[in-house]
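Subject: Structure handover

Hi,

Here is the structure to look through. Please open it first, then read my notes below.

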Amino acid sequence: MIAVIDVRHSENTGLEAIEALSANAVEGGIALLALVDSNHSQEIVARCFDAGATHYLDFAASGADLEQAIKYAFRYVENFRGGAERARDEQSLLTYADLQWSMTIGSMSDYWISDSLLAAAGDIDFATYPVSGIYRSLSREEKKRVRGAMGRLRDGSRQAAVPHQFNGRKVIHHLYKADGKIVGRIEFLAGNGDGADWTGRDLLSGLRNTASASTWIEQALEAGSQMTLIAIGIKNFRMINAAFGRHAGDQLLRIVGHKLMDQTRRQYVGPHLVARLDGQNFLIALADIPDGDVSDFANKLIASVFSDLGLEGRPINAVARAGVAIGTSGSSAKTLIRKAVLALAEATSADALPINFSTMPEADVHLEELLEEQLAGAMARGEIVIAFQPQIKVDTGQLVGVEALARWEHPEYGLLGAPTLFAVAERAGMMESLSAQIHKQALTLAASWPASLSFLRLSINVTASDLAIATFDDDMLQQIDIAGFEPDRLTLEITESELIGNLSVSAKKLDRLREGNISIAIDDFGTGYSSLSYLKELPVDYIKIDSGLTGDISGSAKDQVVVRSIIDMAHSLGLSVIAEGVETEAQLNTLAEQGCEYFQGFLRSGPLSPDEFEAFALRSN
């Protein structure tokens with residue numbers, strides 16, 4: 001928070017350093033203290049201020065005292081940041097990157113300890129115990145945490161972290177495994193309302209974790225406060241991770257967490273809390289902020305935190321979305337957090353306004369929680385069922401295939417559609433297992449069709465979670481083989497937005513599947529990113545035009561132009577086109593005029609149960 005620049009023996013270099021530091025000093029509330037000697041240069045003080053210095057100490061004056069000058073500079077920092085307590089809390093966020101050590105795996109005699117860590121060691125006996133000195137100073141519970149973290153490293157994790165005391169201060173001890181070494185780095189925890197137990201912290205950012213935040217919010221609600229929760233997430237974090245690597249992504253989350261705390265304190269003087277929920281999501285809790293100020297606060301917070309982010313010297317365009325929920329003493333912390341998270345999910349998926357205010361009744365929130373708890377059992381009981389929607393050839397009306405759609409046949413709430421099912425699975429962390437079960441069921445059902453329907457194609461949907469699995473291509477080929485379904489009758493449909501994470505990795509997996517005679521379709525084309533790089537780099541056979549474009553195609557000239565352009569482009573690339581959501585003869589006639597090959601929609605049939613579809617298909621045949 002204070003930069004001390006000694007310009008006495010190299011004025012030009014010192015002034016350049018002040019100018020470079022001042023670019024961030026004003027915005028960040030950093031004091032720049034210049035050490036000068038006016039006996040050598042009478043204009044040096046003015047030149048330092050012109051360069052951006054906030055303070056100076058002239059050693060030509062009698063009684064020049066560096067300690068007092070630093071105290072004055074820190075008083076400036078305190079005033080800028082809103083008081084001494086806040087300044088101390090923010091200073092405790094700083095990572096002391098020089099408090100480090102490393103040890104070669106398998107060789108305790110090959111170690112390194114930074115000079116700063118040795119100096120900060122206090123009573124820790126590094127001379128006798130250079131490798132295990134810190135460990136020996138810990139409590140029994142802290143040693144247990146260390147053993148657990150080291151076990152995770154042995155089991156293949158790249159990093160782990162442990163909260164413990166270090167010379168009376170609360171720290172997070174980050175552990176990394178790289179290049180045959182284990183590296184340790186000590187980070188002092190944020191103040192942020194510390195209680196006796198600081199282990200309720202997120203080990204990556206040092207902020208509160210969900211459980212600790214929930215306790216704080218519950219106490220505030222019980223005290224009669226109105227609580228406003230803002231859940232903030234980084235929409236394109238998967239893409240950032242893919243571009244910069246996991247380690248850089250973790251560093252970005254630390255930076256965002258600290259900036260959220262800093263900017264929240266600057267913008268709101270009332271009781272508040274900043275926490276990390278999970279993944280790329282954070283939570284800001286504000287007590288008794290007026291309802292009319294919430295939107296302005298959230299917009300300013302997002303702008304101040306995400307407008308100027310960088311990693312490794314490169315700018316990061318992190319796209320932030322937020323969900324807001326407001327509750328009073330009648331609310332529970334768990335329900336209120338869930339409402340904010342659900343509002344964030346809507347803001348992220350809708351891709352419209354960056355901030356979404358929750359209007360969901362608490363009864364619906366409780367239903368969401370109930371469904372998440374019940375999903376695993378529903379999968380085991382066979383409540384996840386498949387519906388088939390016919391795909392028809394435009395020019396002849398012939399049935400050519402189906403798209404397999406998942407439904408939840410809930411014993412109490414009836415048939416729940418795919419959006420609800422997959423949203424619940426996403427929040428429950430069960431996307432991978434759900435998707436695998438759906439693929440298995442669809443393939444098995446299609447393989448059991450009678451011989452007279454053996455010409456029909458099957459399309460199944462592939463999610464981002466599927467593509468992220470390292471063995472997805474092998475697993476899919478194995479599932480097809482076990483089901484006994486011919487791979488040359490299978491199409492994998494991938495939504496555009498699912499591809500944004502890592503195009504090159506996706507391309508390799510899809511190339512392998514296509515070598516096994518499986519076809520690939522880009523689903524919902526025209527409503528997402530619509531990047532032509534997909535068509536150039538991926539092994540694509542079909543484009544599916546989203547129902548949002550086909551819905552008005554018979555009446556809107558603009559929609560007709562867009563759809564015609566997509567069809568012409570696809571044909572020029574040797575791709576076939578399927579139109580979704582066709583409901584009228586006028587829409588179908590327009591698609592036929594424009595050369596679309598296939599369609600699906602309620603004009604011919606909605607999704608059908610397996611038995612209903614088989615009867616439909618036999619009649620059509």
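Predicted model: local features only at pLDDT ≥ 70, side-chain atom pairs only at ≥ 80, totals over all residues.

First, a term: two strands pair if DSSP finds at least two bridges between them. Helices (H or I, at least four residues) and strands (E, at least two) are DSSP runs, numbered from the N terminus. Residues are numbered from 1 along each chain as its sequence is written.

Start with strand β19. It covers residues 457-462. Strand β17 (residues 399-410) pairs with β19 in the parallel sense, over three bridges. There, R457 of β19 is the bridge partner of G401. Strand β20 (residues 490-495) also pairs with β19 in the parallel sense, over five bridges. I460 stands opposite L492 of β20.

Is β19 enclosed or open? Five of its six residues are buried, so the rest of the structure largely encloses β19. Buried means under 20% relative accessible area, exposed means over 50%, and partly exposed lies in between (1.4 Å probe, protein chains only).

Now look at S452. It sits in the loop between α15 (431-447) and β19. Its relative accessibility is 37%, so S452 counts as partly exposed. S452 touches L618 and N621, leaving aside residues up to four places away in sequence. Contact means heavy atoms within 4.5 Å. S452 and A617 are 165 residues apart in sequence, and their C-alpha atoms are 9.5 Å apart.

Next, a helix pair. Helix α13 (residues 362-381) packs against helix α14 (residues 418-428) at about 75°, with axes 9 Å apart. So α13 is roughly perpendicular to α14 (65 to 115 degrees; under 35 is roughly parallel, over 145 roughly antiparallel, and the rest oblique). Axes are lines fitted to C-alpha atoms, for helices over the stretch in contact, and angles run from 0 to 180 degrees between N-to-C directions. From α13, the contact uses E368, L371, E372 and L375. From α14, it uses T420, L421, V424, A425, R427 and A428.

Last, two backbone angles. Most residues other than glycine have a negative phi. D288 has a positive phi of about 65°. It lies in the loop between β11 (281-287) and α11 (291-306). N517 has a positive phi too, near 75°. Its loop runs between α18 (503-515) and β21 (519-525).

Best wishes

How values were computed:
Heavy atoms only, no water.
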